[in-house]
Amino acid sequence: LKVPVETWDYSLKTGGQLGSNDGAQYTVPTKHGPEKYYVKFASRENNDHIWNEQLADNIYRILEIPVPETKIVKVDGAYGHASKMLETDTKSVVAGAANQQLKEGFLADVLLANWDVPYAFERNTFVGPDGKSYRVDNGGALLFRAKGERKSSELFGPKSSVKELERGTNQEKLGLGMRQVYEGLGMTPEDIKEQATILEEKFTNKDIDRLVDGVRLPKSDRDYLKATLKHRRDYILSWAGSNTHK
C-alpha cells in the first residue's frame, strides 16, 4: 500500500525519551518556523501499532474531536508516530471547562474502543493553549491496547456488541462503566444526539474506506477494520436513536 511517509534526519533530534516507549523530541524547520514533535518509535519488527494509532487520530479529526497534528515519519530506517507538541503550562490535569469538553467525544471514544481516555484522563488528555482538551497517545484505540497487544474480536470485532454503551459494563474493572464516566461529566441526551449527527454525516462507508486505506496496515487488517467500523457505527447510531429521547 503506497502511503507517503516523511523522512527525517537524526540531526533534528533535540530532546530525549519521555515515556516508557522508545521515542525522542525533534524540532523540524518549516516555512512557519521551527515546530517541535515527539516521535514514538515502533519496534523494527512491527509497525502496525503506530499505523493503527495514526488511523485513530485521523478518525478523531474527521469527527471534530481535538487531537494534535500527527503523522508517520521515518528516521534512520525506523518508523515513528510523530505528534506535534502542544505548548502549554497545563499538562496532564484536566479539570473544569476542559474536563467538560471530554464528554463531546463520547461516541468517538466508543466507536474506537478507546478506553484509555475515560479511565486515564490524566495520561491521555492534554489541555492545549487554546483551552481545548486534546486526546493524545491514542495507541489503545481500534485493534490494539496501549502496550501493543491485540484486542479480541469480542472487544473489537465486526459482529460483537458495543459494550461501551451499556451502563455498568466496565472493560477495565474500575468500578464505573465507560458510559457512566461520561454521564458523570454531565453528558445529556442532547449531547448524544449532536454527536450521533456528526457520526452519521461525516463517517460514511466511503469515509471509512478512504481513512482505512490511508494507512499502511496489512490488507487483512484493513478489511477487518472497515467491516468493524461500519458495524460499530451502525450499532451506535441505532442505540443513539433509541436513547436520545429518554
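Reply: Two strands pair if DSSP finds at least two bridges between them. The model is a predicted one.

Me: In strand 6, which residue is the bridge partner of Tyr-37?
Reply: Strand 4 covers residues 35-41, and five bridges join strand 4 to strand 6 in an antiparallel arrangement. Phe-41 stands opposite Gly-80 of strand 6. For Tyr-37, the bridge partner in strand 6 is Lys-84.

Me: How many residues lie between strand 5 and strand 6 in their hairpin?
Reply: Strand 5 (residues 70-75) and strand 6 run antiparallel and are joined by six bridges. Val-75 has Ala-78 of strand 6 as its bridge partner. In the turn, Asp-76 has a positive phi of about 50 degrees. The number of residues between the two strands is two.

Me: Which residue takes a positive phi in the hairpin of strand 3 and strand 4?
Reply: Strand 3 (residues 23-28) is antiparallel to strand 4, with six bridges joining them. Within this pair, Gln-25 stands opposite Tyr-38. The hairpin has six residues between the strands, and the positive phi, near 110 degrees, belongs to Gly-33.

Me: In what order do the six strands form the open sheet?
Reply: The pairing in this sheet is mixed. Strand 1 and strand 5 pair in the parallel sense over three bridges, with Val-73 of strand 5 as the bridge partner of Glu-6, whereas strand 5 and strand 6 run antiparallel. The order is 1-5-6-4-3-2.

Me: Which are the edge strands?
Reply: An edge strand here pairs on one side only. Residues 6-8 form one of them and residues 13-15 the other. They are strand 1 and strand 2.

Me: Why is strand 4 largely enclosed by the rest of the structure?
Reply: A residue counts as buried under 20% relative accessible area. Strand 6 (residues 78-84) is mostly covered, with six of its seven residues buried. Strand 4 is largely enclosed because the number of its seven residues that are buried is six.

Me: At roughly what angle do the axes of helix 1 and helix 8 cross?
Reply: Helix 1 spans residues 48-62 and helix 8 spans residues 205-212. Their axes come within 10 Å, and the crossing angle is roughly 145 degrees.

Me: Which residues of helix 8 make the contact with helix 1?
Reply: The crossing of the two helices is right-handed. Helix 1 contributes Leu-55, Asn-58, Ile-59 and Ile-62 to the contact. From helix 8 come Asp-207, Arg-210, Leu-211 and Val-212.

Me: Is Gln-195 buried or exposed?
Reply: Gln-195 lies in helix 7 (residues 189-202). The cut-off for a buried residue is under 20% relative accessible area. Gln-195 has a value of 9%, so this residue is buried.

Me: Which backbone oxygen does the side chain of Gln-195 reach?
Reply: Leaving aside neighbours within four places in sequence, Gln-195 is in contact with Lys-103, Glu-104, Gly-105, Phe-106 and Leu-107. The side chain of Gln-195 reaches a backbone oxygen at 2.8 Å, that of Lys-103.

Me: What percentage of the residues of the protein chain count as buried?
Reply: The protein chain has nine helices and eight strands. The chain exposes about 12000 Å², of which carbon and sulfur atoms supply 49%. Of its 246 residues, the share that counts as buried is 50%.

Methods:
Residues numbered from 1 in each chain as written. Predicted model: local features only at pLDDT ≥ 70, side-chain atom pairs only at ≥ 80, totals over all residues. Heavy atoms only, no water. Helix = DSSP H or I, 4+ residues; strand = E, 2+ residues; numbered from the N terminus. Buried < 20%, exposed > 50% of the residue type's maximum accessible area, 1.4 Å probe, protein only. Polar contact = N/O pair within 3.5 Å; in protein donor to acceptor, adjacent residues only side chain to side chain. Contact = heavy atoms within 4.5 Å. Areas by Shrake-Rupley, 256 points an atom, 1.4 Å probe, with all protein chains shown as cover. Axes fitted to C-alpha atoms, helices over the stretch in contact; angles between N-to-C directions. Left-handed = near helix turned anticlockwise from the far one by under 90°.
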